[in-house]
Amino acid sequence: MGDEPRHHELPMDARRPRTGESADGALVAAVLDALPSPTLLIDPDGIVLLTNLSWRVWSDSIGDPRFQFGVGGDYFASALRVMRDEQATRALIEDFRELSRGARDSVSADYALPTDTGTYWFHLVASRVDQAGHIVVTHTDVTSRVQAERTSAWQARHDSLTELPNRAHLHELIDLELARADAPAVAVLFLDVDGFKDVNDSLGHDIGDDLLRQLAGRLLAVTRAQDTVGRLGGDEFVVLSRDCDVDGAAMLAQRCQAAFDQPFVLGGRTHRLSASIGIAAAPAGAAGLRSTDLVRDADLAMYDAKAAGRNRVRVFSPELRAHVQGKMQLAGELRDAIADGQLVLHYQPILHVPSNEYNGTEALVRWQHPERGLLFPGEFLPVAEQYDLLMPLTRWVLRDVARENAVWRGQGINLVVGVNIHARHLSTGTLVDDVLAALAEFEMPPNHLVCELTETSVAEDPEFAAVQLAQLRDLGIEVSIDDFGSGFSSLGQLVNLPTGVLKIDRSLIAFREGREAHAAAAIAAIVALGSACGTQTLAEGVETAEQLGWPSSSAAPSRRATTSPGRCPRPRSPAGWPRAAAAGGRAPGRSSPPDRPRSG
């Protein structure tokens, strides 16, 4: 068998080759010069014995006299002069001494080196090279790597668009505040831009991004130095307010709202916007709270502010959580109800006054809730609007109306059916396609459908609305302006919008006692106005023969109509509808509150 392998023995002195041994020691200087990293050979006391070419080139390029030392220089003393952390530097020097004594195999460390031209980062590796305790120290420049890692870490914690802390970093910062030993009061503001979607949809995402950057700057300007402004995503911002109670947070919220007072310049034009803000606060000494709790509660308060009419501030309370959770549960149930067939349509008959015959109907949606019974629109349409369920709800109504109309036509009954359309359906631009899809599925004649819209729904974007309404009328589908005479009725819209029916609001029919003459005059004026504009008129909420007489006695076109309060669920034949007007009294049938807000 051959000789057992032996561990490499260090030379006595790397600088002096010995007689009978290899010439490795004589090659040390040449080896050092061949290394690409700045390298030194030092003795056990830190005195520099050799430097390589890379060290000399690097120290000259820095231009800092603190680093321009060579053979004979004190490496340990220089390290103490230039490195920032004296305690860590002394610990590193002690590691070198242990290495020199043979108490450890190697030393490695990453350190920052501040210079006049910037901070450099090096990875240091030291090895003992002889029994005399001499050490070779290499310094690899890892500045680019460290900068890339730091940039990546910063980007992971900040929003690339606004450069504000992102969702993850915000939660880290809030948790740090909640975990502080002194546990000061902490408040979180949740801010959502009212109307941001309209800006994005109408002006484009680049303009929307510009708005978010402008808003980030404004929020930074109105918050305190110890506050942190962050962006959760979309148009949602969060402000972490340190050492701040509810009252202080309310004042801060007012300053944030004031940041919207000045119009935003977007795409060369000025736009006025507002914000809905929710506040959640942790009092001093609060325990057990997490960032997710505060942000969630502030978010709930923000949604309550938006539901109250936008541009509002709301402070979270336990009662609010229960209320919002109830609405969220109802929204989930409504989403299932649309898919599971829990919705039903009730029909309000329309009476043609000259012939005293019912010739049309209005579809009114109801929800047959499995636990709460029959729900009227006022109990679930606001939730549908808040949780983006109006579109699927209206599509369901259109489809069910078309299906029911097919049944009636199979019985030889031809009725015109009115369906309420929400403003959001107009803003999406899908109204015409959704209507045509429902008609096509059940082959419903276009002239059997009337799309009813309130003035306010049309007012949001009259030009865009007019295009869609014109398309509907070109296809043979009638369009009605609902609730005319309520709010601020616009004669300009009546003239400019392509509509064929004008519905007199029920408030003019159900007048206060002693105002009969005024109500009759207003009704007559609207009927005459409709006649002059070539539109039919229809009065809502007529319940008595006396009320029926007002539109009948007015100068009206040949076809005048009025509604009866009877709600007839899924009538098999209009022959069963009561002729309330002829009877001179109230129509029998289910009476219910007005169907507002409109959806279907």
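Predicted model: local features only at pLDDT ≥ 70, side-chain atom pairs only at ≥ 80, totals over all residues.

Q: Why are α15 and α17 called roughly parallel to each other?
A: The axes of helix α15 (residues 431-442) and helix α17 (residues 462-474) cross at roughly 25° and come within 9 Å. Angles under 35 degrees count as roughly parallel, over 145 as roughly antiparallel, 65 to 115 as roughly perpendicular and the rest as oblique; α15 and α17 are therefore roughly parallel. The axes are lines fitted to C-alpha atoms, for helices over the stretch in contact, with angles from 0 to 180 degrees between N-to-C directions. Helices (H or I, at least four residues) and strands (E, at least two) are DSSP runs, numbered from the N terminus.

Q: Which residues make the contact, and what is their class?
A: Leu-431, Val-432 and Val-435 of α15 meet Gln-468, Gln-471 and Leu-472 of α17, where contact means heavy atoms within 4.5 Å. The contact has four nonpolar, two polar and no charged residues. Ala, Val, Leu, Ile, Met, Phe, Trp, Tyr, Cys and Pro count as nonpolar, Asp, Glu, Lys and Arg as charged, and the others, Gly among them, as polar.

Q: What makes Thr-51 buried or exposed?
A: The relative accessible area of Thr-51 is 13%. Buried means under 20% relative accessible area, exposed over 50%, and partly exposed in between (1.4 Å probe, protein chains only), so Thr-51 is buried. Thr-51 belongs to strand β2 (residues 48-51) and touches, among others, Asp-33, Arg-56 and Val-71.

Q: Why is strand β6 described as largely enclosed?
A: Nine of the nine residues of β6 (residues 186-194) are buried, so the strand is largely enclosed by the rest of the structure. Both faces are covered: buried residues include Val-186 and Phe-190 on one side and Ala-187 and Leu-191 on the other.

Q: How do you know which strands pair with β6?
A: Two strands pair if DSSP finds at least two bridges between them. Seven bridges join β6 to the antiparallel strand β8 (residues 236-242), and nine join β6 to the antiparallel strand β11 (residues 274-282). Leu-191 has Phe-237 of β8 as its bridge partner, and Phe-190 has Gly-278 of β11.

Q: What makes the pair Glu-86 and Arg-90 a salt bridge?
A: A salt bridge is a side-chain nitrogen of Lys or Arg within 4 Å of a carboxyl oxygen of Asp or Glu, and the N to O distance here is 3.0 Å. Both residues lie in helix α4 (residues 86-101), four residues apart. Glu-86, at 45%, is partly exposed, as is Arg-90, at 48%.

Q: How do you know that Arg-242 and Glu-177 are buried?
A: Arg-242 has 15% relative accessibility and therefore counts as buried; Glu-177, at 9%, also counts as buried. The two form a salt bridge, with the closest N and O atoms 3.0 Å apart.

Definitions and conventions:
Residues numbered from 1 in each chain as written. Heavy atoms only, no water. Lists of a residue's contacts leave out its neighbours within four places in sequence.
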